[in-house]
Amino acid sequence: MSTARFLLGLQETDQQLAMCRRAYRQIVEELDSEGGVPELTADLEKARVRQLELKVEAARNESEAASLRDRVKQLEERLYSGSITNVRELTAIETEHNTARRELARVDEAIGPSKSAAEEAEQAHQRLESELEERQQEWSVRRKELRKERSRIGTEYKKIGAERETATADIPAPDLETYNALLPRMNGIAVVKVDRGVCQGCRVRLPIGEISRMQNAAGLVNCSSCGRILLTE
Ligand SMILES: [Zn+2]
């Protein structure tokens with residue numbers, strides 16, 4: 001029974017080690033995420049390109065409107081100069097004038113919305129810029145904490161691991177092997193107590209004969225139902 005009792009203590013140690021590993025892995029994952037800074041940087045770049053595109057579009061609308069205005073003015077000058085006497089030529093210029101005016105109206109109408117779209121995109125870009133700055137500052141603080149914590153857990157893990165190594169030196173090798181094989185299969189619980197004849201691992205009541213056999217057994221006794229190592233009071 002003393003080996004089973006010792007293995008129960010070892011199990012606590014192994015649970016601590018598993019907790020360290022989990023905590024360590026979480027920290028590594030969070031460090032890998034870089035606090036969302038890469039995603040935000042990519043978003044900012046998209047916003048930068050978007051506001052540039054919209055600025056270019058607004059400027060293009062304005063310059064297009066200006067040249068259309070010139071064109072309309074030129075055509076009007078020709079139309080009303082009195083120099084064109086040919087009807088076909090006059091009709092052709094009138095048609096061109098109408099087309100240019102329609103086009104000018106269309107472009108003029110687009111100027112306002114394209115300008116406000118460009119302004120909105122610029123504001124969105126600025127907002128993202130300050131958000132990123134803030135995020136980077138937060139992350140640099142958090143990263144320091146995480147690295148410190150990672151190194152603390154790493155040291156603790158090594159310390160507990162070394163203690164485990166020393167503690168297991170006296171356990172019979174086959175018993176240790178049984179325990180080590182059971183631990184991962186039983187979700188980290190390989191040794192359980194028997195409470196009032198019931199295995200605390202699987203909650204199955206053990207046959208009376210099995211309990212007395214267990215109390216007299218020299219080596220480890222496993223639960224006939226779940227296979228865990230049993231420890232009686
Ligand atoms: Zn059991």
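How many residues does helix H1 have, and how far does H1 reach from its first C-alpha to its last? In this predicted model, local features need pLDDT of at least 70 and side-chain atom pairs count only at pLDDT 80 or more, while totals for chains, interfaces and linings use all residues. Residues are numbered from 1 along each chain as its sequence is written.

Helix H1 (residues 2-33) has 32 residues and reaches 47 Å, close to the 46 Å expected at 1.5 Å a residue, the expected span being 1.5 Å times one less than the number of residues. Helices (H or I, at least four residues) and strands (E, at least two) are DSSP runs, numbered from the N terminus. Just after H1, Glu 34 takes a positive phi of about 55°.

Among the buried residues of H1 are Leu 7, Asp 14 and Cys 20, where buried requires 20 or more other C-beta atoms, placed from the backbone, within 10 Å of the residue's own. The axes of H1 and H3, lines fitted to C-alpha atoms over the stretch in contact, come within 9 Å and cross at roughly 155°. That makes H1 roughly antiparallel to H3, a term for angles over 145 degrees.

Strand E1 (191-195) is one of the elements against which the buried residues of H1 pack, and its pairings, each needing at least two DSSP bridges, are these:

| Strand pair | Sense and bridges |
|---|---|
| E1 and E3 | parallel, 3 bridges |
| E1 and E2 | antiparallel, 2 bridges |

In E3, Ile 229 is the bridge partner of Val 191, whereas Val 194 stands opposite Cys 199 in E2.

Notes. Buried ≥ 20, exposed ≤ 12 C-beta atoms within 10 Å, placed from the backbone. Contact = placed C-beta atoms within 7 Å. Axes fitted to C-alpha atoms, helices over the stretch in contact; angles between N-to-C directions. Parallel < 35°, antiparallel > 145°, perpendicular 65-115°, else oblique.
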